[in-house]
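Colleague: Can you walk me through this one? I'd like to start with the ligand.

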Amino acid sequence: MRDHLLMPSARITDQAQQAVARFLRPGEIAIDATAGNGHDTLFLARIVGETGRVYACDVQSEAIESTAERLRAAGIGNVTLVQGDHARLEQLIPAGCRGRVGAVMFNLGYRPGGNKTIATELASTVRAVETALTLLRPGGVLSVVGYVGHPGGREETLAVECLLDGLDPERFETLHRPDETATSLQPRLYVVSVRSQE
Ligand SMILES: C[S@@+](CC[C@H](N)C(=O)[O-])C[C@H]1O[C@@H](n2cnc3c(N)ncnc32)[C@H](O)[C@@H]1O
């Protein structure tokens, strides 16, 4: 595990971005599976640049609008926003992305400042994470931030943890996983990369 790559003092969402920034390259495809207010979308769009493309999805129109507004304000044009359930991730992005995506980010839970009843859920999250892993290129990276303090968030986060812990270590490398001793209400960050074939 290479979690020394992250600055433990940073906010967990910043730690997720730090990890992704080490793997994602200009010109690549990236996915924000939970667009929310667009912070991660903007971050990804800046890395891949004008020659790359970000697909950002969210179930709620308010999140799509909030993300669009953030991108407009930053003068960013290389993002495709899609309203939909990330459980259908493969249908929400163009065919042909499979195996070519440099990074997929998930920030679970509800949209800060938005409707707290519209939050990610265990079954669709697990399905979306499974799909995301199939979309990544060799050397590509997945990050998931889970919130164990939210209603249903502990079960959802631990289901993701179980899924990621069960990955074939010959195909995937765990770069970061929460400390077993983390206090029970701390958000949890998972970072996994696809091993390059030698
Ligand atoms: C914590 S917020 C994401 C924050 C965002 N990454 C940012 O940088 O601003 C979680 C988002 O997940 C969205 N969401 C909930 N269920 C979803 C689903 N099934 N598919 C896609 N997005 C979903 C919520 O609407 C909410 O906007």
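Predicted model: local features only at pLDDT ≥ 70, side-chain atom pairs only at ≥ 80, totals over all residues.

Colleague: Which residues come nearest to the ligand?
Modeller: T34, D58, Q60, D85 and H86, out of 24 residues around it. Being near takes a heavy atom within 4 Å.

Colleague: And how does that shell divide?
Modeller: Eight nonpolar, 12 polar and four charged. Here Gly counts as polar, and Asp, Glu, Lys and Arg as charged.

Colleague: What about the backbone of N37?
Modeller: A polar backbone atom of N37 is 2.9 Å from a ligand oxygen. For G38, a backbone N or O atom lies 3.3 Å from an oxygen of the ligand. Polar contacts are N or O pairs within 3.5 Å.

Colleague: How much of the ligand's accessible area does the protein cover?
Modeller: The cover is 96% of the 600 Å² that the ligand has on its own. Areas are Shrake-Rupley, with a 1.4 Å probe.

Colleague: New topic. How many salt bridges are there?
Modeller: Eight in the whole structure. The cut-off is a Lys or Arg side-chain nitrogen within 4 Å of an Asp or Glu carboxyl oxygen. One of them joins R137 and E28, at 2.4 Å, N to O.

Colleague: What does that pair tie together?
Modeller: R137 lies in strand β5 (residues 136-146) and E28 in the loop between α1 (12-21) and β1 (29-32), so the pair links parts 109 residues apart in sequence. Helices (H or I, at least four residues) and strands (E, at least two) are DSSP runs.

Terms used. Residues numbered from 1 in each chain as written. Heavy atoms only, no water. Polar contact = N/O pair within 3.5 Å; in protein donor to acceptor, adjacent residues only side chain to side chain.
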